[in-house]
Amino acid sequence: MEVKLWNDKREREMYENFAELFAIIKATEKLEKAYVRDIISPAEYEAECQKLIAHFKTLSSTLKDTVPSIERFHDTYKMDCPAALNRLVTSGVPATVEHRAAAATSSASSASVVAECVQNFITAMDSLKLNMIAVDQVHPLLSDLSSSLNKLLILPSDFEGKTKMREWLSRLSKMGAADELTEQQARQLHFDLESSYNSFMAALPSAGT
């Protein structure tokens, strides 16, 4: 006796769509694993992934009434495709696109910190020129500069500006708030700031900024 999976054309289309959805999820899982294992190139991965995501979006839109939850569909048929769920449902874009976006965000963030460092260098040097040499005037400026330099991950821990600012902050912390730098100390600090600033600017191109 022949057993029919569907009673009419509508049901037949529904099951065919289910089969296609199942196939897309399985194919995406295999593609994600192949990409992670370097079996295919990023360009090949991205092209295929874009196709699968586009097909998935079209099909899931068609099936929104019969399959309101892709996760439930996945669990019902015991698919075991976590990478596919992440790519199709959670992310919606290929991993390569995610990586480029993350790199762009990181680059923008680095540019912002670079600008902050430059501003802090200039502010500290200008303040010394204006004879702002009291400890409670100098310390906050050097502290801000040191903090911004430490946020810039492209600079090594032994970068001249970092070490010199640490030395000056340590020296200032042993003085009273109302104490003032001597003329010699002020000249040395300005020299250290200028030298560190020049080293900072020189370090940027080699760091790819």
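# Exercises on a predicted helical model

Glu46 lies in helix H2.

## Exercise 1: The packing of H1 and H2

Task: State how the axes of H1 and H2 are arranged, and which residues make the contact.

Solution. 

Step 1. Helix H1 spans residues 9-36, and its axis comes within 10 Å of the axis of H2; the two cross at roughly 155 degrees.

Step 2. Angles over 145 degrees count as roughly antiparallel, and H1 and H2 are therefore roughly antiparallel to each other.

Step 3. The crossing of H1 and H2 is left-handed.

Step 4. On the side of H1, the contact is made by Asn17, Glu20, Leu21, Ile24, Ala27, Thr28, Leu31, Glu32 and Tyr35. On the side of H2, the residues are Pro42, Tyr45, Glu48, Cys49, Leu52, His55, Phe56, Leu59 and Thr62.

Step 5. By type, the residues of the contact of H1 with H2 divide into 11 nonpolar, 4 polar and 3 charged.

## Exercise 2: The packing of H6 and H7

Task: Carry out the corresponding analysis for H6 and H7: at what angle do the axes cross, and how do the contact residues divide by type?

Solution. 

Step 1. The axes of helix H6 (residues 135-151) and helix H7 (residues 160-173) come within 9 Å, with a crossing angle of roughly 150 degrees.

Step 2. This angle makes H6 roughly antiparallel to H7.

Step 3. H6 passes H7 in a left-handed crossing.

Step 4. From H6, the residues that meet H7 are Val135, Val138, His139, Leu142, Ser143, Leu145, Ser146, Leu149 and Asn150. Their partners in H7 are Gly161, Lys162, Met165, Trp168, Leu169, Leu172 and Ser173.

Step 5. The residues of the contact of H6 with H7 divide into 9 nonpolar, 6 polar and 1 charged.

## Exercise 3: Aromatic pairs

Task: State how many aromatic pairs are found in the whole structure. Describe the pair of Phe18 and Phe73 and the pair of Phe121 and Tyr197.

Solution. 

Step 1. A pair of aromatic rings is described by the distance of the centres and the angle of the planes.

Step 2. The search of the whole structure finds 6 aromatic pairs.

Step 3. For Phe18 and Phe73, the distance is 5.7 Å centre to centre and the angle between the planes is 70 degrees, an edge-to-face pair. The pair links distant parts of the chain, with Phe18 in helix H1 and Phe73 in helix H3 (residues 70-76), 55 residues apart. Both Phe18 and Phe73 are buried.

Step 4. For Phe121 and Tyr197, the ring centres are 5.4 Å apart and the planes are at 65 degrees, so this pair is edge-to-face. Here too distant parts of the chain are linked: Phe121 belongs to helix H5 (residues 95-129) and Tyr197 to helix H8 (residues 183-206), 76 residues apart. Phe121 is buried, with a relative accessible area of 0%.

Step 5. Ring pairs also link Tyr15, Phe18, Phe73 and Tyr77 into a cluster.

## Exercise 4: Positive phi values

Task: Find where Asp38 and Asp80 are located, and give the phi of Asp38 and of Asp80.

Solution. 

Step 1. Most residues other than glycine have a negative phi.

Step 2. Asp38 is found in the loop between H1 and H2. Its phi is near 60 degrees, a positive value in a residue other than glycine. At 66% relative accessibility, Asp38 counts as exposed.

Step 3. Asp80 is placed in the loop between H3 and H4. Its phi, near 55 degrees, is positive in a residue other than glycine. With 61% relative accessibility, Asp80 counts as exposed.

Step 4. Within helix H4 (residues 82-91), Ala84, Leu85, Arg87 and Leu88 are buried.

Definitions and conventions. Residues numbered from 1 in each chain as written. Predicted model: local features only at pLDDT ≥ 70, side-chain atom pairs only at ≥ 80, totals over all residues. Heavy atoms only, no water. Buried < 20%, exposed > 50% of the residue type's maximum accessible area, 1.4 Å probe, protein only. Helix = DSSP H or I, 4+ residues; strand = E, 2+ residues; numbered from the N terminus. Axes fitted to C-alpha atoms, helices over the stretch in contact; angles between N-to-C directions. Parallel < 35°, antiparallel > 145°, perpendicular 65-115°, else oblique. Left-handed = near helix turned anticlockwise from the far one by under 90°. Contact = heavy atoms within 4.5 Å. Nonpolar A, V, L, I, M, F, W, Y, C, P; charged D, E, K, R; others polar. Phe/Tyr/Trp six-rings, centres within 6.5 Å; stacked < 30°, edge-to-face > 60°.
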